[in-house]
Amino acid sequence: MDAKPSRVQRILNRVEIIGNRLPDPAALFVFLLFLVWGLSWALSGVSFEAVDPRSGQGIQVINQLSGPALTQFFSVMVNNFSHFHPVGVVLVAMLGIGVAEYSGFINAGLRAIMAKTATWLLTPMVILVGIVSHSAVDAGYVLVIPLGGVIFYAAGRHPLAGIAAAFAGVSGGFSANFVPSALDPMLQGISQAGAQLLDPNILLNPLNNYYFTAVSSIVITLLGWAITDKIIEPKLTENKLDGDLSELPTMEPLQQEERMALRWALLAIVVGTVVMVFSASVETSPWRDANGSLTSFSSPLMKSIVPLIFLLFFIPGLVYGIAIGKIRNSKQAIEGMSKAMSSMGYYLVIMFFIAQFIYAFGQSNLGVLLAVEGAELLKAMALPAQFTIVGIIFLTGFINLFVGSASAKWALLAPIFIPMLMQLGISPDLAQAAYRIGDSSTNIITPLMPYFPLVVVYCQRYVTSSGIGTLTALMLPYSVVFIVVWSLFLLLYWQLGLPLGLQSSYEYFAN
């Protein structure tokens, strides 16, 4: 007799049913595009007192149904799609991954890893790898998340649980990392600009949240581990696998020829890595930016992350295929790439409509208005310091459902939050840490996040009926637990007086 579903499982099942009754993701974004047009027309004549902190000008909603706006929309429609960042990132990476899959390199590599890794450690390993992948910009979305599903399937566990765990690490734990990334100086720069509105002489360290985010990576890994094993996998017993699983890895032992080919492929990775490290370590390396940095957003190295991921899979995949005899000519290598591209048609359709929606939403100023009005409301409430910090976390999490970019949101909110908190004696370092929690926690439950439909596609590889509701129901427990427990952890961390990062503080004292 089957066990009765728990209350949490019943709620999640209901979320999945309701979510999957929504229109197809592509049609949903068409609807949202029309909604933005309608709201922009209705609010374009309304005067708002809110001021855009970036320009100092009053916010005016711009009518996207006006003649000039519509003609501009159609004139940039192609560029909106072709220049939409997630499109190029995914397609270029998939070319290399396609060769690695076709040759059998990924299959053999995962079987080798699984032979050495205890099954009970798979969940924390996948989450932690997802967290570390932030250092490689968007690599986690196109690399770690699909591999999470493959690894779980190869271990005899439900692949959607692996996808959920990886997604929780990559996106839900976006601001939890013990490896510094380009996100740190980007947010610090915005925070410093906001702080200098009140104190022109204040300077912040780019790693002003490093200790907190490093410890947070442990917290997120443990939370994600518990949620995956105790909530998500039991729920997934109802989701039967009905996708094309014929080419996915199995747990069969590696044959002698496979082990030899894998050694050659791994040697190719080692040689490539040594060449890469040597070329980047030289002070005059062309991989560095004008200031000699390798990790800034402007450095050629950071701009080349996706092509490097392509090579990371293409070269060893090609070497493995040649060594094993699967790839004997260039036609077969191209066949691997073509096969990978053929599975991306649905994703491209969705990306086309998302790109148009994001353009119209940005041009209308509705997102700016939402962020600024919410921040002003929180400011007007004049809550005690701890409540204000928690309020910032939850407001950021709410706004994140509509405005996905971490830098865009913080550019709007920092000039309001930071001077306000500085006047209460709270440092910009603490304000930034609070923002990072809210910005990360709700990434995984908003279909407006450009990579969300891609994760739905990953799920459909195993369960063809997967939709927005399926993924939302999977990720909702992570989102709720992350934002609540992570907020409490920040308050405890603050109470204990542990350092947030380098040259950071909790309090601000006016000079």
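N365 sits in the loop between helix 16 (345-364) and helix 17 (366-381), where helices are DSSP runs of H or I with at least four residues, strands are runs of E with at least two, and both are numbered from the N terminus. The phi angle of N365 is near 75 degrees, a positive value in a residue other than glycine. The model is predicted, so local features need pLDDT of at least 70 and side-chain atom pairs count only at pLDDT 80 or more, while totals for chains, interfaces and linings use all residues. Residues are numbered from 1 along each chain as its sequence is written, and side-chain values use heavy atoms, with hydrogens and water left out.

A positive phi is also found at Q503, with about 50 degrees, although Q503 is not a glycine. This residue belongs to the segment after helix 22. Q503 counts as exposed because its relative accessibility is 70%; the classes used here are buried under 20% relative accessible area, exposed over 50% and partly exposed in between, with a 1.4 Å probe and protein chains only. F509 also has its place in the segment after helix 22, and its relative accessibility of 60% makes F509 exposed.

Turning to the overall fold, the protein chain contains 22 helices and 0 strands. Its C-alpha trace spans about 70 × 55 × 50 Å along the principal axes. For 511 residues a compact globule would have a radius of gyration near 24 Å, and the value for the protein chain, 24 Å, agrees with this; the radius is taken over C-alpha atoms, and the globule rule is 2.2 Å times the number of residues to the power 0.38. Of the 511 residues, 52% are buried. Contacts (heavy atoms within 4.5 Å) reach well along the sequence: among those between residues at least 6 apart, 80% join residues at least 24 apart.

The accessible surface of the protein chain amounts to about 22,700 Å², and carbon and sulfur atoms account for 67% of that. These areas come from the Shrake-Rupley method with a 1.4 Å probe, and for residues only the protein chains shown count as cover. The protein chain carries 24 positive and 26 negative side chains, with 8 Å between the centres of the two sets. Here Lys and Arg count as positive and Asp and Glu as negative, whereas His and the chain ends are not counted; each charge is placed at NZ of Lys, CZ of Arg, CG of Asp or CD of Glu.

Inside the protein, the largest nonpolar core has 139 residues, and F167, M475, Y478 and L490 have the most contacts within it. Such a core is a set of buried Ala, Val, Leu, Ile, Met, Phe, Trp, Tyr and Cys residues joined through side-chain atoms within 4.5 Å. Helix 22 (residues 468-496) supplies the largest share of this core, 12 residues. Leaving aside residues up to four places away in sequence, Y478 touches A164, A165, A168, G224, I227, T228, I232 and I444.

L183 lies in helix 10 and is buried, as its relative accessible area is 8%. Although 310 residues separate L183 from Y493 in sequence, their C-alpha atoms are 22 Å apart in space. A193 is likewise placed in helix 10 (residues 183-195), but counts as partly exposed because its relative accessibility is 42%. From A193 to L203, 10 residues apart in sequence, the C-alpha to C-alpha distance is 9.2 Å.

Two further loops complete the picture. G156 lies between helix 8 (139-154) and helix 9 (159-172), and its relative accessible area of 70% makes G156 exposed. The C-alpha atoms of G156 and I392 are separated by 42 Å, the two residues being 236 apart along the chain. S285, in the loop between helix 12 (256-281) and helix 13 (300-303), counts as buried because its relative accessibility is 6%. Beyond residues up to four places away in sequence, S285 touches S279 and A280.
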